[in-house]
Amino acid sequence: MIKVEGLTKRYARNIAVDNISFEVQKGEVVGFLGPNGAGKTTTMRVLTCFMPPTYGTASVAGFDVQQNPMEVKRRIGYLPESPPLYPDMEVVEYLDFVGRIKGIPSADLPKRIDEVMEKCAIGDVRKKLIGKLSKGYRQRVGLAQAILHNPDVLILDEPTSGLDPHQIIETRDLIKGLAGAHTIILSTHILPEVEQICEKVIIIAKGKLVATDTVENLTSRLRGSETVAIEVLATDLAAVQSRLEQVAGVSRVIPKESKDGRLHFTVESLEGRHIRPGLAKAVIDGGWSLNELHGMALSLEAIFLELTASHKEPVTAALQEVVKEDIADAAGSLDKGEEESK
Amino acid sequence: MNTLTICNKELQSYFRSPIAYTVIALWALIGGFFFYFGLSFFVQRSMESAMTGQAFPMDINEWIVRPLLSNVNVVALFLIPMITMRLFAEEKRSGTIELLMTSPINDWEIVLGKWLAAVGLYSIMLFVSVLHMAILFRYGSPDWRPLAVGYLGLLLQGGCLLAIGTFVSTCTSNQIVAGAIGFAISLLLFVLNWVSEFGSSVTERVIGYFSVQQHFESFSKGVIDSKDIIFYVTMIALGLFLTSRSLESVRWRA
């Protein structure tokens, strides 16, 4: 359905997207994962015919974005990062306008508008000014705009960014509901989001393609080893550390800052080993008190380092910089994700 | 069809925001001022001539309509940038330009639609001043033909400056900047004929030829000259052409 070959987008000074190739089959839901500034939006803008590529080609449903932009545009629904809304219009007026410029016959338009309003649950604000809507409603109106002409392909740029956890769940459910009828590409820098919605992941960083894989393969690869944070009430750091290192399946014990007799360690397991029961037992047997023991969520950094390492691709210092900037953001989102699942 | 959709949306947007009301109110206020004093002056002169027994040429067209057209022409010059400045700048700022440019419509349809909406608001504005003229017809008998030609001139000159203002609006995402630059260009085009008044070399005459005011002069006299019409139509086409090129460059620069 979507085919991208050697796509490169160069701005005056920097390369936003560097020689990216991937394919998306009909009906797939693909997550486009990467830190901010990785080139996600640029790639999407090329696919939606908003901007032409510097080199390379991209095609949607067999139509090239440069040779046949009209045919591509007819088949694509696009939700940019900030929904393209006119604040001085009523929701129903806005959808009517969008429907017309998307080429929906005016006879079908009212029915179609009612359908998408129901799908996106915005029927109760149909006569409200868009400028007066809450962020969650705006996002849904944006989504309604994207699916209005029933496009084959949906391109959603960070559809859940800036929403509160409740709205994030709603939006994800909405997108899940759209899967199947549409081929969907959605960009995000939140890992759980990809796990929940997508079947396939395309990971890019610094404009380069890092990995393309199914979510299952990727997570199993990443979940191969376990990282555990442990807090022990004890005074003898070396003794505790050596005891933990002796637990079967432990590959590394990294001491973290400790004070007032609370010792913190990060423990990494060997591939495919569950070490948490062993660690608990070791602490108790050693006569210390186990204060805390929990598995650590995978950070975006871990994924990137893991993937770039396994692909033997050089991880540049710059990339790490970018990733680091993003961690705070991603960590926040992960926390949110955990809250939701509770 | 798409052009009409865009045009319709823009016109509605003018009337949803204070822009349309502000522009029309200012036009009515300042135009009314000029009309009132033009009329008062004319009445005073005619009474004077009646008392002294001197013959006074009682030509309403010559004494009221023509100066009025020239005056409101200057008012229009000030209001036109207010009409055009938001056309593209606002879409660029709010990101809605992405919606337009990823929809299956041509760039020129967007450009033409927006320009037509601007011309539409400008025409509505002109229509308000027709009320003044109606008063003249009620109490006098001016010749309607030069009047109609004068309005045609206003419309053509307006269309030309609106096209240029639309172009300027594509160059920035800041409305104030678009308005200021649009006004500066309009004003320069307006007074460009000064160049040919101070000298008559070929260069100076050519530069002076680009003055929109110079071409308006014959319209205000009630004369339709094909060279003036061709000038305005060409300038409109040029402005719209530049707009669509500039819009395309948004794709490369964005």
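# A tour of the two-chain model

Start with strand β3 of chain A, residues 29-33: the strand is mostly covered, with five of its five residues buried. What you have open is a predicted model.

**Stop 1**

Keep β3(A) selected and show its side chains. In a regular strand the side chains alternate between the two faces of the sheet. Which residues lie on each side of β3(A)? Val29(A), Gly31(A) and Leu33(A) are on one side, and Val30(A) and Phe32(A) are on the other. Both faces are covered, and these residues are all buried.

β8(A) runs parallel to β3(A), and five bridges join the two. Pick Phe32(A): opposite it, in β8(A), stands Ser187(A).

**Stop 2: β1 and its antiparallel partners**

Select strand β1 of chain A, residues 2-10, together with strand β2, residues 15-24. The two strands run antiparallel and are joined by six bridges. A hairpin of four residues connects β1(A) to β2(A).

In β2(A), its bridge partner is Glu23(A).

**Stop 3: chain A as a whole**

Zoom out to chain A. Its secondary structure comes to 12 helices and 14 strands. Of its 342 residues, 42% count as buried. Among contacts in chain A with a separation of 6 or more, 68% join residues 24 or more positions apart.

Color by confidence. Chain A averages a pLDDT of 82, and 85% of its residues score at least 70. Where in chain A is confidence lowest, and where is it highest? The lowest is helix α12, residues 317-341, at a mean of 46, and the highest is α3(A), at 95. Residues 310-326 of chain A have a pLDDT below 50, and this stretch has 22 contacts in the model beyond near neighbours in sequence. Residues 330-342 of chain A also stay under 50. For that stretch the model has 13 contacts beyond four places in sequence. Where pLDDT is low, the predicted coordinates should not be read in detail.

**Stop 4: where the chains meet**

Show both chains. The contact involves 21 residues of chain A and 18 residues of chain B. On the chain A side, select α2 (69-74), β6 (76-79) and α3 (91-101): each supplies at least two of the touching residues. Color that side by class: 13 residues are nonpolar, three are polar and five are charged. For the model, the scores are ipTM 0.88 and pTM 0.82.

**Stop 5: helix α2 of chain B**

Move to chain B. Its mean pLDDT is 90, and 98% of its residues reach 70 or more. Select helix α2, residues 18-52. This helix has 35 residues and reaches 51 Å from its first C-alpha to its last, close to the 51 Å expected at 1.5 Å a residue.

Which residues of α2(B) are buried? They are Val23(B), Trp27(B), Gly31(B), Phe34(B), Phe35(B) and Phe42(B). Just after α2(B), click Gly53(B), which takes a positive phi of about 80 degrees.

**Stop 6: Leu121 in helix α6**

Stay in chain B and pick Leu121(B), which lies in α6(B). Why does Leu121(B) count as buried? Leu121(B) is buried because it has 22 C-beta neighbours inside 10 Å. Leaving out residues up to four places away in sequence, Leu121(B) touches Leu11(B), Tyr14(B), Ala20(B), Val23(B) and Ile83(B).

**Stop 7: the nonpolar cores**

Finish with the largest nonpolar core, of 130 residues. The members that touch the most others are Tyr94(A), Ala144(A), Ile155(A), Ile184(A), Cys160(B) and Ala163(B). The largest share of this core, 11 residues, comes from α6(B). Apart from this core lies another, of 16 residues, including Leu244(A), Val253(A), Leu263(A) and Leu279(A).

Last, pick Cys160(B). Beyond neighbours within four places in sequence, Cys160(B) is in contact with Val212(B), Tyr232(B), Met235(B), Ile236(B) and Gly239(B).

Terms used:
Residues are numbered from 1 along each chain as its sequence is written. Chains are lettered from A and ligands numbered from 1 in the order in which they are written. The expected span of a helix is 1.5 Å times one less than its number of residues. A residue is buried if 20 or more other C-beta atoms lie within 10 Å of its own, exposed if 12 or fewer, and partly exposed in between; C-beta atoms are placed from the backbone. pLDDT is the predictor's confidence in each residue, from 0 to 100. Two residues are in contact if their C-beta atoms, placed from the backbone, lie within 7 Å. A nonpolar core is a set of buried Ala, Val, Leu, Ile, Met, Phe, Trp, Tyr and Cys residues joined through C-beta atoms within 7 Å. Ala, Val, Leu, Ile, Met, Phe, Trp, Tyr, Cys and Pro count as nonpolar, Asp, Glu, Lys and Arg as charged, and the others, Gly among them, as polar. Two strands pair if DSSP finds at least two bridges between them.
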